[in-house]
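Hello,

Here is the structure for you to look over. My notes on it follow below.

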Amino acid sequence: MNPVNPENPENPENPENVETTVKAIVIQAYGGPEGLAVVDLPAPAPAAGQVLIAVEAVGVGGVDILLRSGALAAYGYKEGLVPGSEVAGTVTAVGDGVDTSWIGRRVWAFTGTGGGYVEEAVARVEDISPLPADLSAVDAVTLGSSGVVAHYGLAHAHFAPGETVLVRGAAGSIGIMTVQLAARGGAAAVAVTTSSADRGERLRKLGATHVLDRSGKGGQDAPTGYDVVIDIVAGDGMPSFFDRLDPNGRMVTVGAVAGQPPADFGMKLMASFQKSLSFAVFSAASVSEADRGAVRSEQFAAAARGELTSVVHELLPLDQAVPAHRKMDAGEVFGRIVLTP
Ligand SMILES: NC(=O)c1ccc[n+]([C@@H]2O[C@H](COP(=O)([O-])OP(=O)(O)OC[C@H]3O[C@@H](n4cnc5c(N)ncnc54)[C@H](OP(=O)(O)O)[C@@H]3O)[C@@H](O)[C@H]2O)c1
């Protein structure tokens, strides 16, 4: 869209008086999804070290919901921000210092805490990964960041073939990838927690061997103890899952969708001293961009070969960000919602 530059509407035929804009979603007011608005913003230009991407797909992530709600306001994020951290599309321009051979290539990109819900996005060249020819932009934004967290979460837990794994909160994008990677990695059992039998069946198709409810009950013949627990939920229930560890077991918390654990959680380690248990948190922020990029490229190649499955809950046009966020708020999403500009 090329509206007349409001600074000088006298000569609309003069290209210098025309401002190019792109459609974007901004958080106009913190709170519910209705605080999101479709707006036209000046088309971005890549700064030094950045690329410009014609966006084909945007992943809707949990952090977008936190940003929109205002939960991250204390960290300096202000209303007026464009949410979205994960996009895929084609590089159309590069800034100073960036190899021009990127132009025309299809890439996945991390845009930062925000900046993704837009027709044209900028990203640092360190934060882009090329897409294999057989991988769609939609699949890329479904796997791109969650797969890396799943990979390093399991690595942080020193997961080894033949071990038993419990994935708590398996129905989200990180859990779905963790289930697949644990199964592919030769786990003796992959138990999952989820809130419905239908989700349990879908997780079985991805490699889960036992389906438990959110409290960890159920799952016929499920192991009574686990070598590894990957926790995406945290909250009040976290201690009871720590208790599921076998001697020398390791629990790694990679997400906290139910909030913080009880303040005295650390005492669990001392109380189970004779089991030599370990607890850790893992954030992808502690891994270099190069290492994250290498794992992502391996996973993209595996997905293109059909060895990893991307689970897309729904495709929606970019201007349907409000219903997308409503579905996220309602806990309806299995996998990822993807917005398409
Ligand atoms: N470590 C990192 O580097 C990293 C990177 C990005 C994001 N994260 C974190 O990862 C989390 C988001 O991951 P995600 O998108 O995969 O998760 P998600 O989809 O938000 O949640 C995972 C699943 O947990 C279950 N769940 C939701 N609320 C629950 C509750 N109160 N009690 C028990 N279960 C509940 C839901 O499944 P059911 O309804 O089937 O139970 C949900 O599908 C966030 O905490 C985010 O900050 C971490």
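**Domain contact**

In this predicted model, 7 residues of domain 1 are in contact with 7 residues of domain 2, contact being heavy atoms within 4.5 Å. Residues are numbered from 1 along each chain as its sequence is written, and side-chain values use heavy atoms, with hydrogens and water left out. As the model is predicted, local features need pLDDT of at least 70 and side-chain atom pairs count only at pLDDT 80 or more, while totals for chains, interfaces and linings use all residues.

Domain 1 covers 21–130 + 311–340 and domain 2 covers 146–285; these bounds come from an automatic or database domain assignment. Taken over C-alpha atoms, the centres of domain 1 and domain 2 are 29 Å apart.

The area buried between domain 1 and domain 2 is about 640 Å², with 56% of it on carbon and sulfur atoms. Buried area here is the accessible area (1.4 Å probe) that two parts lose on being put together, summed over both. On the side of domain 1, Val311, Phe334 and Arg336 lose the most area to domain 2, together 71% of what that side buries.

Across this interface of domain 1 and domain 2 there are 0 salt bridges (side-chain nitrogen of Lys or Arg within 4 Å of a carboxyl oxygen of Asp or Glu). There are 4 residue pairs in polar contact across the interface, both residues at pLDDT 80 or more. A polar contact is a pair of N or O atoms within 3.5 Å; within protein, one must be able to donate a hydrogen and the other to accept it, and residues adjacent in sequence count only if both atoms are side-chain atoms.

**Salt bridges**

The structure as a whole holds 13 salt bridges. In one of them, Arg336 pairs with Glu86, with the closest N and O atoms 3.1 Å apart. Arg336 lies in strand 15 (residues 336–340) and Glu86 in strand 4 (residues 86–94), 250 residues apart; strands are DSSP runs (E, at least two residues), numbered from the N terminus.

Regards

Definitions and conventions:
Helix = DSSP H or I, 4+ residues; strand = E, 2+ residues; numbered from the N terminus.
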